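Subject: Structure handover and findings

Dear colleague,

Please find below the structure that I promised to pass on to you. My notes on what was found in it follow directly after.

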Amino acid sequence: MTHKPTCRTFQENARKALDDTRLQAQMARTIKDGFQQKRLKGMSRLPEYEALRDAARDLKNHVLDHLDAYLLRFEAEVVKAGGQVHWARDADEARAIILKICQEANAKTVTKGKSMITEEIALNDHLAAHGIEPVETDLGEYIIQLRHELPSHIIAPALHLSKEQVAETFKENHTHLNADRDLSEAPTLLKEARAELREKFLAADVGITGANMFIAETGTAVIVTNEGNGDLTQSLPPVHIAVSSIEKVVPTLDDATLLLRLLARTATGQEQTVYNTFFTGAKRPDDPDGPQDFHMVLLDNGRSELLASEFRDILRCIRCGACINHCPVYGVTSGHAYGWVYPGPVGSVLTPHFVGIDEAHQLPGASTFCGRCEEVCPVRIPLPQLLRNWRVRAFQRGHPGGLQRLGLKIWVMFAKRPALYRRALSVGIGVLKRIAGKRGAYRWLPGAGGWTKTRDLPAPQGGTFLDRYGRGER
Amino acid sequence: MNGRDMILSRLRTALDRVENYPANDFRWRASATEQRIHKAGPVLLPDRGRAEGLARIELFASEAKLAQAEVRRLAAPDDVPQVVADILKSTGWTHLKIAPDDRLQALDFTGTALDITCGSGAGGDHAGLSWAYGAVAETGTLVMRSGPASPTTLNFLPDWHFVVLSTEDIAANYEQVWARLREEAEPDTPVMPRTINWITGPSRTADIEQTLLLGAHGPRKLFILLIDAETI
């Protein structure tokens, strides 16, 4: 089983987030004043940024057009470098493959680099259920693992938490330390996590990481981290398992470089992520360290279906998080409201595919179609169009139902009959004006409670557009 | 059908049915990918990745500093022991782990109070010293190549990491480093070592309220000891 989705209750989830004043303040500070400003600054230092985006889009399209051939080439190169490649059709198969490798290594503890794919397949629960302790080592992932939560952002998993909440979580979990210690400042929290995790790194039997991309030319996979956790995860234990999804292959080292010039700059505004690690197969005979066994798990999980669908463009995604950082809906709801692993615009396109549109039919609607996600996407994914495609599919499946659907049907009935529409409109406007009286606004109106709860609703003024047009107003 | 065959067959079905001949033919796709890999080279080089000569070295140093690395210019490799010892003086640490690199082994530490051991990184290492394979000027990035003389763990476990870099090993852009690796590879052996680490500044995290803190899991400080190639 993967994580149980709560997408059906998006509206309630969102309302809860909106009422949380601490969360609202934190979101405003970290998103608008944080991620958005950092990206602007990063862009301004590279005049070729826009041209690089075009090149990245073209590269990813080329890869998708030749996907099977590149995957086969990658597999052959990994084997030449002493590694093994495993192909997993779905989450169940991926979990089974990884568990088997861990069991064959007699693993008791497994350290993990940050990986959205292992969230997608809910790997940690599966390992734990079989007596293997998974330890997340990215600071944000470590915090949410202790709290049994999903990440609220794909590159900043604990973005929704305050440092006081983190301190509380550490006190509850690090019970071998003095309960009265002062954890009021962020650097102290980091120091404590570093010491706790250092022991785990050294004791781990297997290291599991994701891969931001992998390279057909040389059989190399790439991880990108600022902390250095993914790098210790893969260089200390005797076994390294990397899990990635099939669309992340690129042809050559130079192509990987193209994407790496965009990834950090778009995500955090950094010139480059601190650690970009390129790993190829197992440790070589003369190497003083590194894993003796290397396994690469390639996950499909429905991506081959996406390739053949109207959602193909989403497979260009490099998971930078820019669409999330610039979405006005995410900016106030935060990630958990979306109810599954991937939040924001990219999540609203991916999640219905993984959990079904019946569960996730509200997500494509969680957008104002303002278009900022498409504007900032480094590989120019037409996210609003993809969301629109899901709205069409949702409607075909009967979503939304009930009153909303009835309302839409009534509107369509009028909209298809222009004369009737115009007549109904002038009657309606007349009635509304009379109700509003001299004040010209409503404190309350049936069906408009969401609006009038916090402000007046202005009454219609003057005639309809067509009336005025007919009278010759231009 | 096993997982591999099933995934490949699904992909083939998806790609074959597209109406853009000849891309809807697997044999053509396979030969197109081989051609593209064979012709591997830069896709789009930013101007910042084209610096030459002294400007390249200056750019490397200024970008590395921007990423919070500390850059020291040394007159010759012989100065490394004293410079490292001076920097470590304030810490009280007396031990230095050095990579098993001939150029580092040749250094004379007897004039310093440092206790030297050689090998991979260990959990308790305070200070480590490595020699960089190369560097990239456009972002102030070090390139570490794993091998008998360069253990990967030494790049991550010490609290403070010292890295010697020769000015002639600074490339203008990342692509030049790939070209160098391809050129240096023995026939019939992989172009890539087990691990290449690009390192741009010391370890950091912003996972607590997006506050930037240095020294997450890797080194809290990164010292780049830049040496003029002619003196090596």
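Just after helix 3 of chain B, Gln68(B) takes a positive phi of about 70°; helices here are DSSP runs of H or I of at least four residues, strands are runs of E of at least two, and both are numbered from the N terminus. Please bear in mind that this is a predicted model, in which local features need pLDDT of at least 70 and side-chain atom pairs count only at pLDDT 80 or more, while totals for chains, interfaces and linings use all residues. Residues are numbered from 1 along each chain as its sequence is written, chains are lettered from A and ligands numbered from 1 in the order in which they are written, and side-chain values use heavy atoms, with hydrogens and water left out.

As background, an α-helix has 3.6 residues a turn, so residues three or four places apart point the same way.

Chain B as a whole is divided into domain 1 (3-38) and domain 2 (47-231), with bounds that come from an automatic or database domain assignment. Taken over C-alpha atoms, the centres of these two domains of chain B are separated by 42 Å.

Turning to charged pairs, the structure holds 56 salt bridges over all chains, a salt bridge being a side-chain nitrogen of Lys or Arg within 4 Å of a carboxyl oxygen of Asp or Glu. One of them joins Glu209(B) to Arg29(A), with the closest N and O atoms 3.9 Å apart. This pair crosses between chains, from the loop between strand 10 (204-205) and strand 11 (213-214) of chain B, where Glu209(B) sits, to helix 2 of chain A, which holds Arg29(A). Glu209(B) counts as buried at 14% relative accessibility, whereas Arg29(A) is partly exposed at 39%.

Within chain A, the side chains of Arg439(A) and Asp456(A) meet in a salt bridge at 2.4 Å, N to O. Arg439(A) lies in the loop between helix 21 (418-436) and strand 11 (441-442) of chain A, and Asp456(A) in the loop between helix 22 (449-452) and strand 12 (457-458), so the pair ties together parts that are 17 residues apart in sequence. Arg439(A) is partly exposed, with a relative accessible area of 41%, and Asp456(A) is partly exposed as well, at 36%.

In chain B, Arg50(B) and Asp47(B) form a salt bridge at 3.5 Å, N to O; Arg50(B) is partly exposed at 47% relative accessibility, and Asp47(B) is exposed at 56%. Salt bridges that share partners also join Glu50(A), Arg53(A), Asp54(A), Arg57(A), Asp58(A) and Arg380(A) into one network.

On a 1 Å grid over the protein atoms alone, a cavity is a set of points where a 1.4 Å probe fits but cannot get out, and a pocket is an open set with protein on both sides within 12 Å along at least five of seven lines; lining residues have an atom within 4 Å of a point. Grid points are joined across faces, edges and corners, and a volume is the space filled by probe spheres set on the points.

The second largest pocket has a volume of about 950 Å³ and is lined by 44 residues, of which Ile144(A), Arg147(A), His148(A), Glu149(A) and Leu150(A) lie nearest its centre. Helix 8 of chain A gives the most to this lining, with five residues.

A search of the whole structure finds three cavities of 30 Å³ or more. The largest cavity has a volume of about 120 Å³, and among its 20 lining residues Cys327(A), Pro328(A), Pro345(A), Ser367(A) and Cys373(A) lie nearest its centre.

With best wishes

Notes. Buried means under 20% relative accessible area, exposed over 50%, partly exposed in between (1.4 Å probe, protein chains only).
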